[in-house]
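I opened this notebook to keep a record of what I looked up, entry by entry.

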Amino acid sequence: MAKNTTSLRGKDVLGLKDFSKEEIRLVLDTAKGMKDIIHRDIKKVPALRGKSIVTLFYEPSTRTRTSFETAGKYLGADVVNVTAGTSSIIKGESLRDTLYTLQVMGFDAIVMRHKAEGAAAYAAKVADPVIINAGDGAHAHPSQGLLNLFTIEEHKGHLEGLKAAIIGDISHSRVARSDIQGMRKMGIEVHLAGPKTLLPRYLFEEPGIFVHDRIEEAIKDADVINVLRIQLERQKSGLFPSMREYARIFGLNEKRLTLAKDDVLILHPGPMNKGLEISPYVAYGSNSAIQEQVQNGVAVRMALLALTLTGGND
């Protein structure tokens, strides 16, 4: 097999739309070695010794922020956390000024979450450090899309030719957008289902993407089902009738699961609304890789940090 000569050194990670198939493959292959580090008794390597990383989160996060922080520390980097509620941001400091402040402090990478779509792309234009998008509004969540691909490949042994169903609020989900972009580039057929008010119409014409009004059609013979978290504030906007109705019509339960392949893999980005978009039986059943996704997230984010800051060669 020919050696992958692709490099991500110095690349901003804004969305999987900007990644080639070869770049995605590089991250997935690198993450395999990173997962070995997580399983060691001593979880520390000097790959990023001397590097400094800051997580800049304008929205609450447990999994993603902690995952990036852990990833950086396992690789030997110095990691600092900045949240909107405990910094000068609360005093009205602009995003631009915050980025400049972090830049002059000498940080090599800024891992950033922001409620505004395009905020990470803006940061990449005005700041010198590597920018890694940890979620910008409903636009993109590239590391989540990559960890989902990594988890799927670990279980299935390949990606090309699989059928994946994504269920729920597609329109407002940055996870769904990153999943769709990454899955299509790696040859996965994508089927979407949810209330019509939560399905983006522009996807109807995309090759390899199939949109269904009924969850049963989407999950039939599926190899993978990714259940999205229902954002309960959408219910207040009248985008679906009630939580009970949503669970009855679109929730993934034991009965519906029988429509998919016997070895179907269940994913969920977390946190889960158990009994709403997913039943406890499915969430904790033998087909679920939801907890494994969390560990794989650390491995994938270790890969992203190492590849963008050193090229993975140092």
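In which order do the five strands of the open sheet lie? I found the order E7-E6-E5-E8-E9, with parallel pairing; strands here are DSSP runs (E, at least two residues; helices are H or I, at least four), numbered from the N terminus, and two of them pair if DSSP finds at least two bridges between them. I noted that this is a predicted model, in which local features need pLDDT of at least 70, side-chain atom pairs count only at pLDDT 80 or more, and totals for chains, interfaces and linings use all residues. Residues are numbered from 1 along each chain as its sequence is written, and side-chain values use heavy atoms, with hydrogens and water left out.

Strand E8 (residues 224–227) runs parallel to E9 and is joined to E9 by three bridges; isoleucine 225 has isoleucine 266 in E9 as its bridge partner.

Of its 39 lining residues, Arg113, Arg174, Pro269, Gly270 and Pro271 are the closest to the centre. I saw that H12 gives the largest share of this lining, seven residues, and that helices supplying at least two residues each include helix H2 (63–74) and helix H5 (142–156).

Terms used
On a 1 Å grid over the protein atoms alone, a cavity is a set of points where a 1.4 Å probe fits but cannot get out, and a pocket is an open set with protein on both sides within 12 Å along at least five of seven lines; lining residues have an atom within 4 Å of a point.
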